[in-house]
Amino acid sequence: MNSRSLIALLLLLPACAQEQAAVPPAIEGVDDAVWANYQPLPDSMPSATNPSTPEKVTLGRMLYYDTRFSQGGAVSCYVCHPLHDYGTSHRPTGIGHDAEVGGRNEPTPYNAALQIAQFWDGRAPDVEAQALGPVLNPAEMGMANADAVIKVLKSMPAYQDAFHAAFPADQDPVTFENFGKAIGAFERGLLLKARWDEFLAGNPDAITAEEKAGFKEFAAAGCTTCHTGPLVGGSMYQKVGLVQPRFTTRDEGRFNDTGNAAGK
């Protein structure tokens, strides 16, 4: 082999190593077919209908932390979804304005934009639509209607400027729909990867031997039937109590949104 051929071979080696690294390392006792159901989290969570801009994200961050869009001025997205603490209050159910107790707990917004729908019952198709729900929910932020939210926004020049910067093509950008789009754009940046993603990307040492044994048990127990994909879930609707009856039927799940008895 001449020196030119050797240099060409050496230049190819990193590319070959990268190709091999894209294949998840095996765990002894886990069937190869299982790995087809898992992928690392992507690098972004974009929306085709709500393209992100720095101005839109900045506005969404302002709205996320602002308590002035709640009855009584004490609740914001952040109050129930504190980003410094995994995006949830850790309470059995949410607590809104005037100590109103909600029916369910608060899911984390981290990585949520990758799910097939939002809210536990899937009644919102995306994070943009979800952001509009709690503001008007009487047990959460409790604003009377969308017009009340717009009135608050338009009373503050800083918000008017921020909406014009975020939605420059709109003649009157301060709308309830754009309120949701801005918060959605901010939440689409709340992407958190873990060592599991590194493992799936090809680093066999990213998770411990104990964790590998745990995944082996996870797969053997049949958990991989529902808990798959980049989120290890969030990709389908499933009945709670599929194998054993639920301990309570108080919450009727998707039935409340669809009226379909199969959704209970």
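**Aromatic pairs and the nonpolar cores**

Modeller: In this predicted model, Trp 35 and Phe 215 are both buried. Their ring centres lie 5.2 Å apart with the planes at 20 degrees, and because planes under 30 degrees apart count as stacked, the pair is a stacked one. Trp 35 sits in the loop between α1 (3-21) and α2, whereas Phe 215 belongs to helix α10 (residues 209-220), so that the pair links parts of the chain 180 residues apart. Ring pairs also join Trp 35 and Phe 215 with Tyr 38, Trp 196, Phe 199 and Phe 218 into a cluster.

A second pair is formed by Phe 69 and Tyr 159, whose ring centres are 5.6 Å apart and whose planes meet at 70 degrees, so this pair is edge-to-face. Phe 69 lies in the loop between α2 and α3 and Tyr 159 in helix α7, 90 residues apart in the chain, and both residues are buried.

Phe 69 leads on to the largest nonpolar core, which has 31 residues and in which Phe 69, together with Leu 59, Leu 63, Leu 153 and Phe 179, is among those with the most contacts. The elements giving two or more residues to this core are α2 (54-65), α3 (77-80), α6 (146-154), α7 (157-166) and α8 (176-187), and the largest share, 6 residues, comes from α8. Leaving aside residues up to four places away in sequence, Leu 153 touches both Phe 69 and Tyr 159, as well as Leu 63, Gln 160, Phe 163, Val 174 and Phe 179. Apart from this core lies another, of 11 residues, which includes Phe 215 along with Val 30, Val 34 and Ala 206.

Definitions and conventions: Residues numbered from 1 in each chain as written. Predicted model: local features only at pLDDT ≥ 70, side-chain atom pairs only at ≥ 80, totals over all residues. Heavy atoms only, no water. Core = buried A, V, L, I, M, F, W, Y, C linked by side-chain atoms within 4.5 Å. Buried < 20%, exposed > 50% of the residue type's maximum accessible area, 1.4 Å probe, protein only. Helix = DSSP H or I, 4+ residues; strand = E, 2+ residues; numbered from the N terminus. Contact = heavy atoms within 4.5 Å. Phe/Tyr/Trp six-rings, centres within 6.5 Å; stacked < 30°, edge-to-face > 60°.
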